[in-house]
Amino acid sequence: MKIKLAFVCGTAFTLLALAACGAPEPGAKEGDGLTKPKDPDPVTLKLFPYNPMSESDFNKLIAEPVKKKYPYITVEMLAKNATQFESTIAAKEDMDLILMWNGNINGNKQYGIFEDMTPYARKAGFDFGRFDPKAMETIKELSDKGEIYGAPYQIQFYALYYNKDLFDKFGVPYPKDGMTWEDTVELARKMSRTQDGVQYSGFDMDTLSRLTYPLSLVPVDGKTIKVLVNSDAYKKAFDLGKQLYSIPDNPGKLSTGRFTKEKTLAMVGTVNMFDQLEKTPDLNWDMVQFPSYKELPNTYGMYDLNVVMMTSTSKHKDDAMKVIEVFLSDEVQSLSSSMGKLSALSNPELRKAFGSGLPMLKGKNLQGIFKSSPAYAPPFSIYHSKGNEILKKTFLDYIGDKKDVNTALREAEEELTRYIQSQGTK
């Protein structure tokens with residue numbers, strides 16, 4: 001009996017020791033917390049590129065890094081464009097994520113497709129404090145009750161690009177950072193001339209918005225739908241345009257073609273045009289800080305944001321949040337920054353990486369971009385594009401001496417008001 005009792009006690013001691021070391025107890029089965037959890041079922045998320053993204057950028061910045069971190073998630077970019085947004089919603093096609101310019105958000109809220117990211121971000125531990133604070137304020141102002149409809153992945157920058165060969169040809173010093181619009185007018189005057197039968201122009205821009213956005217001007221108030229074009233601020237922008245385009249041999253074309261193609265334009269003021277410049281390797285160019293209004297130093301454009309959003313109809317919102325988390329990680333945004341895209345994250349390391357992946361930017365004055373900040377961006381209305389269309393026509397009439405500025409803006413106000421009334425309040 002003594003021997004048998006000793007064996008039982010020894011066996012019990014051994015089992016206790018094994019259990020304490022983490023060994024499975026007799027009878028333990030798979031699924032009792034002792035085996036690897038089952039991988040989630042595969043899921044495919046659909047992304048609508050209302051704001052276009054190249055297939056290459058989509059793969060590098062979204063599809064591939066998401067697949068690397070979450071192998072069960074596949075992200076597909078729909079072969080759609082902005083004109084198909086309404087029909088896609090009406091057809092109830094699958095759509096989990098949207099890329100959109102902040103200026104288009106207000107006009108598309110009527111479809112009820114945007115989802116408040118707040119609870120999903122909180123659940124995922126996603127920190128909106130990592131972003132440019134004013135960029136986030138711009139997005140929050142688009143909501144009715146404090147919702148956050150999206151997170152900014154890119155801020156558009158402005159720059160003054162110039163043709164070094166033309167400045168060398170005419171013996172004029174290059175543009176420099178910190179110029180006011182008055183400085184730019186004088187420089188454009190020096191560079192505008194006709195020589196050997198060729199007209200060389202000093203300055204142009206791609207759109208009137210390059211003069212109006214730094215003043216935070218929109219043609220129609222996004223909340224009250226009040227037409228705002230007949231104002232002293234718009235007169236200021238129009239008068240500046242008149243100064244630029246009344247210079248002999250500097251007609252206003254509102255085009256960048258003479259800079260990249262004909263190479264007869266000395267300076268162009270616009271946003272990121274690296275994609276165009278990459279296609280013209282023979283152009284000897286550089287860039288400086290975008291010109292400022294004297295009373296608004298170091299200010300360009302307005303908060304012009306590319307935003308990634310979740311949809312209210314998605315059946316996979318937690319997974320959509322995972323995609324956003326990967327896309328807006330420091331790692332992926334550093335890659336994006338190296339590709340010459342200005343990240344909306346506040347991390348200063350991302351600016352150090354800016355443009356480092358583009359050989360054509362080596363030696364360029366990229367730091368000039370960061371010497372200015374965007375102006376305040378009021379909410380845009382659904383009539384923003386129509387308003388800009390009317391303003392462009394009015395502006396060209398004014399600089400072409402067909403109308404005085406008061407008449408031009410009054411008629412623009414009347415035309416835009418009639419248009420809105422014909423559409424009904426939206």
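At roughly what angle do the axes of helix H2 and helix H14 cross, and within what distance do they come? The close-up views below, taken from a predicted model, begin with this pair.

**View 1. Helix H2 and helix H14 cross in the predicted model.** The axes of H2 (residues 55–69) and H14 (residues 330–338) cross at roughly 150 degrees and come within 11 Å. Because angles over 145 degrees count as roughly antiparallel, H2 is roughly antiparallel to H14. The crossing of H2 past H14 is right-handed.

**View 2. Residues of H2 meet residues of H14.** On H2, the contact is formed by Lys 60, Leu 61, Pro 65 and Lys 68. On H14, Glu 331, Val 332, Leu 335 and Ser 336 take part. Sorted by class, this contact holds four nonpolar, three charged and one polar residue.

**View 3. H14 has buried residues that pack against several elements.** Val 332, Gln 333, Ser 336, Ser 337 and Ser 338 are the buried residues of H14. The partners of these buried residues are H2, strand E4 (151–155), helix H13 (317–327) and helix H15 (348–352). Just after H14, Gly 340 adopts a positive phi of about 85 degrees.

**View 4. Phe 85 lies in the largest nonpolar core.** In soluble globular proteins, nonpolar side chains tend to be buried together. The largest nonpolar core here comprises 137 residues, and those touching the most other members are Ile 62, Phe 85, Ile 98, Phe 157, Tyr 161 and Phe 274. Leaving aside residues up to four places away in sequence, Phe 85 touches Phe 48, Tyr 50, Met 95, Ile 98, Met 100, Asn 108, Tyr 111, Ile 113 and Phe 114.

Methods. Residues numbered from 1 in each chain as written. Predicted model: local features only at pLDDT ≥ 70, side-chain atom pairs only at ≥ 80, totals over all residues. Heavy atoms only, no water. Axes fitted to C-alpha atoms, helices over the stretch in contact; angles between N-to-C directions. Helix = DSSP H or I, 4+ residues; strand = E, 2+ residues; numbered from the N terminus. Parallel < 35°, antiparallel > 145°, perpendicular 65-115°, else oblique. Left-handed = near helix turned anticlockwise from the far one by under 90°. Contact = heavy atoms within 4.5 Å. Nonpolar A, V, L, I, M, F, W, Y, C, P; charged D, E, K, R; others polar. Core = buried A, V, L, I, M, F, W, Y, C linked by side-chain atoms within 4.5 Å. Buried < 20%, exposed > 50% of the residue type's maximum accessible area, 1.4 Å probe, protein only.
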